[in-house]
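Morning, everyone. Please look at the sequence and the model on the screen while I talk.

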Amino acid sequence: MFVHTSSRGRTLLLYVDDMIITGDDPEYIAFVKARLRDQFLMTDLGPLRYFLGIEVSSTSDGFLISQEKYMHDLLARAALGDELTVETPMELNVKLRPTDGDPLSDPTRYRHLVGSLVYLAVTRPDISYSVHILSQFVSAPTTVHYSHLLRVLRYLRGTITRRLFFPRSSSLQLQCYSDATWASDPTDRRSLSSYCVFLGGSLIAWKTKKQTAVSRWSVEA
């Protein structure tokens with residue numbers, strides 16, 4: 001808890017768990033932290049290592065971020081009951097429908113796991129497409145949808161040490177890549193678009209999203 005008294009004599013109570021201060025000027029960062037300590041009760045935890053489930057490690061070449069601990073906790077909660085791993089998060093050319101399989105008697109588990117995967121995709125762009133597909137069925141998941149969810153978890157088990165790398169020395173050139181699966185949704189025939197953006201050698205943005213309209217040909221998609 002931080003206590004701050006305003007110029008009007010009113011006391012403000014602020015509850016803040018963690019704060020990240022970043023920049024390329026160590027002296028100014030030290031100045032900012034000193035000013036914060038003058039106004040608030042603050043503990044300096046040192047260089048960033050862990051924040052909201054995201055692990056950060058620093059080397060002479062750059063920074064690595066991952067959610068390895070988060071994945072371990074997720075797999076423990078999933079309780080798969082086997083040690084199987086797979087090479088890909090989803091089989092090639094799979095097209096899931098709302099009517100595939102039997103409805104789950106309790107969809108809570110499915111929703112909880114998919115929600116966890118959505119947050120995990122913050123550092124794992126390789127599951128972005130699969131998670132987008134599975135998240136479309138959270139309102140009424142079936143046994144088939146759940147089996148594909150388990151496949152994603154088995155894929156993560158086999159790739160749990162993968163991390164994103166951000167080099168210290170890199171160009172400031174932006175490179176963007178995009179693709180689309182034309183009319184891939186078997187229910188409404190809408191296409192899926194995906195893109196990723198690199199700043200030099202650093203992957204800084206990615207997304208998979210269903211298009212809002214039906215494309216009449218692949219070029220339009």
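First, the ground rules. This is a predicted model, so local features need pLDDT of at least 70, side-chain atom pairs count only at pLDDT 80 or more, and totals for chains, interfaces and linings use all residues. Residues are numbered from 1 along each chain as its sequence is written, and side-chain values use heavy atoms, with hydrogens and water left out.

Now the fold. The protein has five helices and nine strands. Helices here are DSSP runs of H or I with at least four residues, strands are runs of E with at least two, and both are numbered from the N terminus. The order from the N terminus is β-β-α-β-β-β-α-α-α-α-β-β-β-β. How much of the protein counts as buried? Of its 221 residues, 32% do. Buried means under 20% relative accessible area, exposed means over 50%, and partly exposed is in between, with a 1.4 Å probe and protein chains only. Contacts are next; a contact means heavy atoms within 4.5 Å. Take contacts between residues at least 6 apart in sequence: 65% of them join residues at least 24 apart.

On to helix α4, residues 128-135. Six of its eight residues are buried, so α4 is mostly covered. The buried ones are S128, S130, V131, H132, I133 and L134. What do they pack against? Their partners are α3 (108-120), α5 (143-158), β8 (192-199) and β9 (202-210).

Stay with α5. Two packed helices are described by the angle between their axes and the distance between the axes. Helix α2, residues 68-78, packs with α5 at an angle of about 135°, and the axes are 11 Å apart. The axes are lines fitted to C-alpha atoms, for helices over the stretch in contact, and angles run from 0 to 180 degrees between N-to-C directions. That makes α2 and α5 oblique to each other. On this scale, under 35 degrees is roughly parallel, over 145 roughly antiparallel, 65 to 115 roughly perpendicular, and the rest oblique. Which residues of α2 and α5 make the contact? From α2 come M71, L74, L75 and A78; from α5 come L153, L156 and R157. By class, that contact has six nonpolar, no polar and one charged residues. Here Ala, Val, Leu, Ile, Met, Phe, Trp, Tyr, Cys and Pro count as nonpolar, Asp, Glu, Lys and Arg as charged, and the others, Gly among them, as polar.

R154 is also in α5. R154 is buried, because its relative accessible area is 17%. Leaving out residues up to four places away in sequence, R154 touches L80, D82, L84, T85 and V86.

Next, S194, in strand β8. Buried or partly exposed? At 24% relative accessibility, S194 counts as partly exposed. S194 and D179 are 15 residues apart along the chain, yet their C-alpha atoms are separated by 5.5 Å.

Last, the cysteines. There are zero disulfides in the structure. A disulfide is a pair of cysteine sulfur atoms within 2.5 Å. C176 counts as exposed, at 57% relative accessibility. C196 counts as partly exposed, at 21%.
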